[in-house]
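Here is a walk through a predicted model.

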Amino acid sequence: MIAQRIIFPLGVVLAIVVLGLIVGSIPALHGLFSVGLIYVAFAVFFFGFIAKVVNWAKSPVPFRIPTTAGQEFSLPWIKWSKIDNPSTTGGVILRMFFEVCLFRSLFRNMRTDLRSGWLIHSPTKWLWLLALGFHYSFLIIAIRHLRLFVQPVPGFVELLDKVDGMFQIGIPPIYLTDILILLCVTGLLLRRLFLPKVRFISLAADYFPLFLILGIVISGLLMRFVFRVDITAVKALANGIASFHPVVPEGIGAIFFVHVALVCALIAYFPFSKLMHMGGIFMSPTRNLANTTRMAYHENPWRKPPKFHSYEEYEDMYRDYMKEAGLPLERE
Amino acid sequence: MYDRGKVIAGLVIFAIIFLFPFIYNHGSASPQPKPSLDTPAIKALSQKKCVEDKQFMITTHMQFLNDWRDQALRDGNRWYVNKEGKKVWISLQNTCLKCHSNKKEFCDKCHNYAAVDPYCWDCHIDPNGSKL
């Protein structure tokens, strides 16, 4: 079980690292590997993401299935929890905001222990904290990378870069989000590895993205602080891709190709994996529907109007037989 | 497709965010800058070599200069011995900027391109006029 669920995804990630190192040492392959692979991975991500969302949108949601985390709207003297159990569009927007931006579902995480014969439920915020730190770091890191893709670099990217490196530790400065994402991904991985209940339900598809993201973070940090590469050459390559005039500058170190191989693997894998929760969170019927189950009429979308058979039609059908048997008729 | 309007609006927002770099560049690439070595001091050199080799200086000069600062100002050590065994006086103003006296065409070219804003000039001054 460990071999299938943990060793296998780790092996795949290491194979991608080795592939990056091999390609990095063969200059003839640089263009095909960096430019070609990035375009393919971007296209798979973009169209795969849209196809997945459209596919989801084709599934009918015939009635309201919100998971209720509070008292629904009922009688005026019963306290209604407006955000956790909304019955209006405004309430749903607020609930979605708290879900998407602050991970409210994870915040409600509880643990249950048996303590001296009592079953105790207590709040536990570790998962919420690590998830929040991880996702926001990832977002800021992704936005910071824009400086390599666009020219001139927009002000908000430069500002974010400055704020993120505000402690000016070392040169190039260490980013706060780099430390945070490293801590959070490691924490989330340790959670799956060492909590028996979580390990029991963790599959290869859970470990693979974690190993992959950890690999991306480590290769990026190594590129920034240890095996330095010519950043203007990297920008020329990235900017060329983002302006459809790809160029392959010489003299980019192998570590760059490791980083690119891992990132391409992640974004090409994205639409086929659990990572699609990025789009899926907006499509969750348990979150994005107002709880109006009894307040409004919800018609089943695939309901066909029933075929009625009126008494007139019935009589028309059996008139002769009915007449023969002497039954009363409405019309002769 | 159900809720067609909302789903398409969401996908359009996704597409705009994802395609932002492509839209923003609208097809015009910015080539890699070539920092200029055209200064009187460099021209006068018989052997055009920096303190260390070119590739090292391109990729690692920032860590190298940070090291120099720590050595000169914190350890009081003003001599650096390079890989060839040559002794160099540790000073940004008197060693680096003696040859690279063209901040605008040398330092700023790559730094602006990669959106890097080093804090060298918080203390040091540009030999050809102050930053203000």
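Start with A:Tyr136. Is this residue buried, exposed or in between? It has 15 other C-beta atoms within 10 Å. Burial takes 20 or more such neighbours, and exposure 12 or fewer. A:Tyr136 therefore counts as partly exposed. Its place is in helix α5 of chain A, which covers residues 126-144. A:Leu180 lies 44 residues away from A:Tyr136 in sequence. In space, the C-alpha atoms of A:Tyr136 and A:Leu180 are 9.4 Å apart.

Now step back to the whole of chain A. Its secondary structure consists of 15 helices and 2 strands. How does the spread of the chain compare with a compact globule? For 332 residues, the globule rule gives a radius of gyration of 20 Å. Chain A has 29 Å, well over that value, so it is more spread out than a compact globule. Along the principal axes, the C-alpha atoms fill a box of roughly 105 × 60 × 45 Å. Buried residues account for 27% of the 332 in chain A. Consider next the contacts in chain A with a separation of 6 or more: 66% of them join residues 24 or more positions apart.

Two packed helices are described by the angle between their axes and the distance between the axes. In chain A, take α1 (residues 2-24) and α12 (residues 254-269). Their axes come within 7 Å and cross at roughly 135°. The crossing is right-handed. On the α1(A) side, the contact is made by A:Ile16, A:Val17, A:Leu19, A:Gly20, A:Leu21, A:Val23 and A:Gly24. From α12(A) come A:Ala254, A:Phe256, A:Phe257, A:Val258, A:Val260, A:Ala261, A:Leu262 and A:Ala265.

Finally, turn to chain B. Here 40 residues of chain A are in contact with 31 residues of chain B. Which elements of chain A give two or more residues to this side? They are α2 (30-57), α6 (146-149), α7 (155-164) and α11 (231-242). The largest share, 8 residues, comes from α11(A). By type, the chain A side divides into 24 nonpolar, 9 polar and 7 charged residues.

Terms used:
Residues are numbered from 1 along each chain as its sequence is written. Chains are lettered from A and ligands numbered from 1 in the order in which they are written. This is a predicted model: local features need pLDDT of at least 70, side-chain atom pairs count only at pLDDT 80 or more; totals for chains, interfaces and linings use all residues. Helices (H or I, at least four residues) and strands (E, at least two) are DSSP runs, numbered from the N terminus. The radius of gyration is taken over C-alpha atoms; the globule rule is 2.2 Å times the number of residues to the power 0.38. Two residues are in contact if their C-beta atoms, placed from the backbone, lie within 7 Å. Axes are lines fitted to C-alpha atoms, for helices over the stretch in contact, and angles run from 0 to 180 degrees between N-to-C directions. A crossing is left-handed if the near helix is turned anticlockwise from the far one by less than a right angle, and right-handed if clockwise. Ala, Val, Leu, Ile, Met, Phe, Trp, Tyr, Cys and Pro count as nonpolar, Asp, Glu, Lys and Arg as charged, and the others, Gly among them, as polar.
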